[in-house]
Amino acid sequence: MDKYLSARSALITEERKSRRDTIRIANASEEELQAEQIVRNLRKSETASIWSTEHEGIGNVFPGMEFLTARAVITKTRLFQLLCKMPKGALLHSHLDAMVNANYLINLALEQPAMHVRVNTRLTEESLGSVHPEFRPLTPHEYTNIKSLTSDKYELGAWVPIRSARAHFATSLGGPEGFDQWVFNALTINPTEAYVTHNTVKKIWNKFRTTFMVSTPLIRFVPIWSNYIREFFRTLIEDGVSYVEPRVNFWHKFMVGEDGEENVPHRQWIILFGQVLDEIKTQMKTQGKTDEFIGARIIYSTIRNVTCEELEWYLEDCISLKLEFPHLIAGFDLVGDENVLQPLIYYIRPLLRFQERQKELGIDIPFIFHAGETLGDGDAPDMNLFDAILLGSKRIGHGFSLAKHPKLIEICKERGVTVEVCPISNEILRLSSSMPAHPLPVLLNNGVPVALCSDDPSVFGNMGLSYDFFQVSFDFYVLVASEVTGLITLGDIARQSIESSTLDETEKAQALFSWGRKWDAFVKSIADGSTGIEREIASTDGFPII
Ligand SMILES: O=c1[nH]cnc2c1ncn2[C@@H]1O[C@H](CO)[C@@H](O)[C@H]1O
């Protein structure tokens, strides 16, 4: 018996030794250890209270359960509120056209007299859920004075000014608020769609795709674009994100200008992006908050439905933009559903040529590829992992199927290829049924660098990064023993995100320094009791049940 127990304890120690969190916790400061304990107590207490009761309309609750069902409960937990204050570091995987709250975007659109809307199927109570609004800014001579989208006289396909369409939306469909709700539903995925009507990867992608068809014409319009980017930065900073590398989709060659003409080229999109960025940086400086925002750089993206010839055009376009705006272009990616669109190997010639061109020009535009966003093994999206690695991808977007490939895991670990893990996205797009079923711990415990990311928060409702940090903070819960950690691991992941960015060494050092200062202050506020968590746990013996 003694021999067995000592062998057991030796094996546990040996197994945990190589884990990133064990190494990190061994080097933690006194304050970090205190904060760690307090947060673990909080987590335990909320698991016993909030996550062990039935809430009205929500059956079968558990930590890490389906996000869209649990969202309202999550928002009220103390753990979530605490994580909102945590400095998150860099957001490395996000699609710019799905980053601003859908209601905010609707309001931006309502301010634009040029913005019109139409439908091609009659709107009725029955059809409302499946008919999507089609938006377009028109040139002044195309403006219409058609009043309503829903009257009997409406001719299908005719453009209606958005404000008028809202004001005259049929009372039977909810009036103006009904209009807002209709557009909101078309821009987002709701729990019934994710977990009932569209509960397969294929079906939910069909819904997911349509949200971009609705939002793109709203965002790809100069008067909205700048305001949209301003809100994008504002909300991320508010949530403790200090640096961001969004994927910007350059598939459309032109944006629509203020005059309604579709003639604004890519360089102008970047100039406007840069202007808002500078404005925010100046603002932060004036307010003495330079630690809170380091900046942003764009990952040039196009959709993997283009031909090889078309891709050559985009790659050259990306090169010209890099030459003109070296500090604003971070890398290159191909986006869209890997399950149905072209795999990386299809584009291998233009991609290799792109690398040659960079050598000729003495520039560096790393690939930062989506790969392995699939449940498959050996299918096209899974095989994208092999090509991403062979092509020297700096990071891997999603890498959901990477856990199946020990050799590739080893390479990622050796070369420091960071996996941009998007926990909530993977769950809503039906790759994992809930958080405990997500492969994140497999990657982490194998020592692969990981960044937590939100992917498309305006569609999924996981605005900022706090929701994704929250959803994974229970991954290690089963082992509440002292060797296995919570808060410190989350901090380590946040710090790693800055290391994994495309910032140069000097910028990185500055960003890490700023992050470190904020992390220390955050940890201190928990450890010294100023958050009041300890007091609350002690006084309620478990948390008030919502
Ligand atoms: O998780 C994802 N995987 C692959 N493509 C995505 C994901 N999220 C968004 N997009 C794609 O990015 C474009 C918008 O910039 C859209 O085409 C959308 O399908």
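Reader: How do I read the way helix H6 and helix H11 pack, and at what angle do they cross?

Author: Two packed helices are described by the angle between their axes and the distance between the axes. Here, H6 (residues 102-110) and H11 (residues 222-238) have axes that come within 10 Å and cross at roughly 150°. That makes H6 roughly antiparallel to H11. An angle over 145 degrees counts as roughly antiparallel, under 35 as roughly parallel, 65 to 115 as roughly perpendicular, and the rest as oblique. Axes are lines fitted to C-alpha atoms, for helices over the stretch in contact, and angles run from 0 to 180 degrees between N-to-C directions. Helices are DSSP runs of H or I with at least four residues, strands are runs of E with at least two, and both are numbered from the N terminus. Keep in mind that this is a predicted model: local features need pLDDT of at least 70, side-chain atom pairs count only at pLDDT 80 or more, and totals for chains, interfaces and linings use all residues. Residues are numbered from 1 along each chain as its sequence is written.

Reader: Which residues of H6 and H11 meet?

Author: Contact means that C-beta atoms, placed from the backbone, lie within 7 Å. From H6 come Tyr104, Leu105, Leu108 and Ala109, and they meet Ile224, Asn227, Tyr228 and Glu231 in H11.

Reader: Now H13 and H14: what is the angle there?

Author: About 25°, with the axes of H13 (residues 308-324) and H14 (residues 348-361) 10 Å apart. H13 and H14 are therefore roughly parallel to each other. On the H13 side the contact uses Cys308, Leu311, Glu312, Leu315 and Ile319, and on the H14 side Arg349, Pro350, Phe354, Arg357 and Leu361.

Reader: And how are H21 and H22 packed, at what angle?

Author: H21 (residues 487-499) and H22 (residues 505-527) pack at about 160°, their axes 9 Å apart. H21 and H22 are therefore roughly antiparallel to each other. Gly491, Arg495, Ile498 and Glu499 of H21 touch a set in H22 made of Lys508, Ala511, Leu512, Trp515 and Trp519.

Reader: Zooming out, how many helices and strands are there?

Author: The protein has 23 helices and 15 strands. Its radius of gyration is 24 Å, close to the 24 Å that the globule rule gives for 546 residues, so the protein is as compact as a globular protein of that length. That radius is taken over C-alpha atoms, and the rule is 2.2 Å times the number of residues to the power 0.38. Along the principal axes, the C-alpha atoms fill a box of roughly 85 × 60 × 50 Å.

Note on methods. Two residues are in contact if their C-beta atoms, placed from the backbone, lie within 7 Å.
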